[in-house]
Amino acid sequence: MGTLLVKHIHTLVTMDDQRQEINDGALYIQDNVIQQVGPTEALPVTADEVVDFQGRYIVLPGLINTHHHFYQTLTRAVPAAQNCDLFTWLQTLYPIWANLTSDAIYASAQMAAAELMRSGCTTASDHLYIFPNDCTLDDEIRGIQEIGLRFHASRGSMSVGESQGGLPPDSLVEPEAAILKDSQRLIETYHDNSRHSMLRLVLAPCSPFSVSPDLMRESAALARTYPGVRLHTHLAENQSDVDYSLEKFGLRPGDYAESVGWLGDDVWHAHCVQLDDAAIQKFAQTHTGVAHCPCSNMRLASGIAPIRKLMTAGVPVSIGVDGAASNDATHLLQEARTAFLLARVREQSAAAITARETLELATRGGAAVLGRDDIGYLAPGMSADFIAFNLDTPAFVGSHHDVVAALIFCQPPSVDYSFINGRKVIDRGRLVTVQMEKLIETCNHLAGELRQSI
């Protein structure tokens with residue numbers, strides 16, 4: 001890729017260990033790795049490519065999304081599911097999702113990634129747990145590799161159907177032996193645990209109400225035989241989730257997770273809205289992570305996750321967009337802003353969380369939850385993942401005294417520039433790795449086919 005110099009940055013938000021914010025900052029990059037960070041006057045004056053931001057842009061590390069369901073992009077705002085709680089929402093949409101195809105998985109993954117990238121996301125984890133017809137995780141991986149997003153692909157699964165007391169229909173569950181066999185195939189085919197890796201694998205049985213304790217234990221054992229393969233699932237999302245756990249296992253969700261070996265620094269759980277205090281302490285002691293998904297939790301009336309309490313206890317916390325049919329948006333900076341506002345509402349305190357703490361959740365927090373030491377902040381030796389917003393726009397008017405806080409306090413903008421692994425993927429607001437008009441047309445066609453299938 002050669003060398004890249006980005007100079008005359010109005011404010012360079014490094015998120016490094018000193019939390020430096022550099023006025024008239026610059027980045028010097030070789031290939032896909034940051035070599036120098038500092039004031040423009042202190043960095044080299046030339047490179048193979050030079051981008052001069054002329055004091056008009058704020059630059060920060062790329063945002064990291066730690067929970068999503070890309071395929072749901074094709075089923076947003078479905079009328080019958082608009083006013084449902086979690087379990088009813090799922091039961092309404094399962095019959096539609098049963099008609100997904102490999103083409104739908106591929107296109108919806110690219111559409112979700114495009115939206116995420118435009119919102120500032122440079123790394124995402126997606127949880128694909130439904131494999132009807134000819135669908136495979138390979139379809140999603142192929143789509144994401146083509147669009148250029150750094151990716152943690154989660155091989156989800158459902159194995160306990162309605163006839164066994166689970167929530168999903170029997171037609172959508174898989175035999176557990178087949179799940180484990182395919183999980184091993186995917187790890188050995190795709191997982192790259194090297195530094196600056198663009199693709200890693202995660203094992204992600206869907207939820208306590210759709211898989212057996214045996215599959216949870218065996219998935220954990222399988223993941224832990226490979227370096228860098230992490231574990232992810234939904235946990236304690238709403239009160240019905242807690243009630244199911246108590247009735248089925250005789251345990252609260254946090255205790256159930258512990259009983260199947262799902263606590264540890266290689267595990268993160270989505271939601272945790274109803275996590276009790278004892279579980280929070282266990283999460284903190286074991287460095288078990290949480291993906292906070294505020295919009296989805298509000299949309300499905302699940303409650304408000306206690307992220308201030310989690311953060312104070314020392315639990316690793318990150319931001320997840322979730323959805324895309326339970327949000328129903330895919331804007332990561334907007335999700336961070338919602339997390340910020342909702343934490344203040346929950347604690348009834350305007351000091352519950354700051355704008356900079358919120359940006360940290362969306363950057364360093366996401367990197368920690370995904371087990372990455374090469375993304376999340378800008379410093380020599382880190383991956384060249386960074387984003388830039390033009391300050392000369394309506395969203396930033398009146399805020400130039402603190403443009404960092406404005407990213408959270410004010411209307412969330414879309415990025416003007418995005419670099420992932422040293423590659424420019426958004427240039428002056430335009431995503432350059434995919435033809436958006438064609439992708440939108442394809443996804444709308446596929447969404448129409450899904451609607452007609454029921």
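Helices (H or I, at least four residues) and strands (E, at least two) are DSSP runs, numbered from the N terminus. This is a predicted model, where local features need pLDDT of at least 70, side-chain atom pairs count only at pLDDT 80 or more, and totals for chains, interfaces and linings use all residues. Residues are numbered from 1 along each chain as its sequence is written, and side-chain values use heavy atoms, with hydrogens and water left out.

**Exercise 1. Describe how α2 packs against α14**.

Step 1: locate the helices. α2 covers residues 102-118 and α14 covers residues 436-452.

Step 2: take the geometry. The angle is about 130° and the axes lie 10 Å apart. Axes are lines fitted to C-alpha atoms, for helices over the stretch in contact, and angles run from 0 to 180 degrees between N-to-C directions.

Step 3: name the arrangement. Angles under 35 degrees count as roughly parallel, over 145 as roughly antiparallel, 65 to 115 as roughly perpendicular and the rest as oblique. α2 and α14 are therefore oblique to each other.

Step 4: The crossing of α2 and α14 is left-handed. That means the near helix is turned anticlockwise from the far one by less than a right angle; clockwise would be right-handed.

Step 5: list the partners. Contact means heavy atoms within 4.5 Å. On the α2 side are Asp103, Ala104, Ala107, Ser108, Gln110, Met111 and Ala114. They meet Met436, Leu439, Ile440, Thr442, Cys443 and Leu446 in α14.

Step 6: sort by class. The contact of α2 with α14 holds nine nonpolar, three polar and one charged residues. Ala, Val, Leu, Ile, Met, Phe, Trp, Tyr, Cys and Pro count as nonpolar, Asp, Glu, Lys and Arg as charged, and the others, Gly among them, as polar.

**Exercise 2. Work out how α2 crosses α3**.

Step 1: α3 spans residues 137-147. Its axis and that of α2 come within 8 Å and cross at roughly 40°.

Step 2: α2 passes α3 in a right-handed crossing.

Step 3: from α2, the contact uses Ser102, Ile105, Tyr106, Ala109, Gln110, Ala113, Ala114 and Met117. From α3 come Asp139, Glu140, Arg142, Gly143, Ile144, Glu146 and Ile147.

Step 4: by class, the contact of α2 with α3 has eight nonpolar, three polar and four charged residues.

**Exercise 3. Are α4 and α5 roughly parallel or roughly antiparallel?**

Step 1: α4 (residues 176-190) and α5 (residues 213-223) pack at about 20°, with axes 11 Å apart.

Step 2: that angle makes α4 roughly parallel to α5.

Step 3: the crossing of α4 and α5 is right-handed.

Step 4: Glu176, Ile179, Leu180, Ser183 and Gln184 of α4 touch Asp214, Leu215, Glu218, Ser219 and Leu222 of α5. The contact of α4 with α5 divides into four nonpolar, three polar and three charged residues.

**Exercise 4. Find the pockets and say what lines them.**

Step 1: On a 1 Å grid over the protein atoms alone, a cavity is a set of points where a 1.4 Å probe fits but cannot get out, and a pocket is an open set with protein on both sides within 12 Å along at least five of seven lines; lining residues have an atom within 4 Å of a point. Grid points are joined across faces, edges and corners, and a volume is the space filled by probe spheres set on the points.

Step 2: take the largest pocket. About 310 Å³ of space lies in it. Of its 17 lining residues, Val317, Glu360, Arg364, Gly365 and Ala368 are closest to the centre. Helix α12 (residues 355-369) gives the largest share of this lining, seven residues. The lining of the largest pocket has ten nonpolar, one polar and six charged residues.

Step 3: take the second largest pocket. Its volume is about 160 Å³. It has 13 lining residues, with Thr73, Leu74, Cys443, Asn444 and Ala447 nearest its centre. α14 supplies the largest share of the lining of the second largest pocket, five residues.

**Exercise 5. How many cavities of 30 Å³ or more are there?**

Step 1: a search of the whole structure finds two.

Step 2: the largest cavity has a volume of about 130 Å³. Its lining has 16 residues, with Leu86, Trp89, Leu90, His234 and Glu237 nearest its centre.

Step 3: the second largest cavity has a volume of about 40 Å³. Its lining includes Pro61, Thr122, Tyr377 and Asp385.
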